[in-house]
Amino acid sequence: MEHTAHTHHQHGPGHDHGSGHGSGHGHGAASWPMAAQATLHCLTGCAIGEVLGMVVGTAFGWGNLPTTLLAVVLAFLFGYSLTMRGVLRAGVDLRTAVRVALAADTLSIAVMELIDNGTILVWPSAMDATLADALFWVSLAVSLVIAFVVTTPVNKWTIGRGKGHAVVHQYHH
């Protein structure tokens, strides 16, 4: 596919995403900026889901486990939704968009959620912090930064293999 602008990497005219040669989108070296952009995309969905889950769980007076489970489910939902939004704009059908989102984001979101929630779990008193506590927001921000740092190399590896976020690139126009 030919296009003039790309959010992750600028290409010259006639660049073919489908070739997989030398672009970092197929098998080969993926750039750190490309991996960081993919991880930032994942982080956005995860952060929206995490915060919304914590707000809903707190509003309903739920305990830590159901609140955390809701936050994780919403992180996946928002992560997938952000990817699907872009893919659907490319004119593909819903079924294809779902498949692309699952292929592109599942590993990235899973790693991010594992690191994010694991950090909160081991942080003293973070699980007991409420939305009104600075500790809640500080521990969430720090856990998301740590998750970003850990997940970026995972995304670099998957993109370099033509997997993960690389699957989405063929739908960017």
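This is a predicted model: local features need pLDDT of at least 70, side-chain atom pairs count only at pLDDT 80 or more; totals for chains, interfaces and linings use all residues.
The protein holds five helices and zero strands. Along the sequence, the order is α-α-α-α-α. The chain counts 173 residues, and 42% of them are buried. Among contacts with a separation of 6 or more, 68% join residues 24 or more positions apart.

Two packed helices are described by the angle between their axes and the distance between the axes. Helix α1 spans residues 32-59, and helix α2 spans residues 64-89. Their axes come within 7 Å. The crossing angle is roughly 145 degrees, and the crossing is right-handed. The contact of α1 with α2 involves 11 nonpolar residues, 11 polar residues and one charged residue.

In soluble globular proteins, nonpolar side chains tend to be buried together. Here the largest nonpolar core has 24 residues. Cys46, Val87, Val100 and Met112 have the most contacts inside this core. At least two core residues come from each of α1, α2, α3 (94-122), α4 (134-160) and α5 (166-169). Helix α3 gives the most, with six residues.

Leaving aside residues up to four places away in sequence, Cys46 touches Ala75, Ile109, Met112 and Glu113.

A second core is separate and has five residues. Among them are Ala30, Ala38, Ile159 and Ala166.

Terms used:
Residues are numbered from 1 along each chain as its sequence is written. Side-chain values use heavy atoms; hydrogens and water are left out. Helices (H or I, at least four residues) and strands (E, at least two) are DSSP runs, numbered from the N terminus. Buried means under 20% relative accessible area, exposed over 50%, partly exposed in between (1.4 Å probe, protein chains only). Contact means heavy atoms within 4.5 Å. Axes are lines fitted to C-alpha atoms, for helices over the stretch in contact, and angles run from 0 to 180 degrees between N-to-C directions. A crossing is left-handed if the near helix is turned anticlockwise from the far one by less than a right angle, and right-handed if clockwise. Ala, Val, Leu, Ile, Met, Phe, Trp, Tyr, Cys and Pro count as nonpolar, Asp, Glu, Lys and Arg as charged, and the others, Gly among them, as polar. A nonpolar core is a set of buried Ala, Val, Leu, Ile, Met, Phe, Trp, Tyr and Cys residues joined through side-chain atoms within 4.5 Å.
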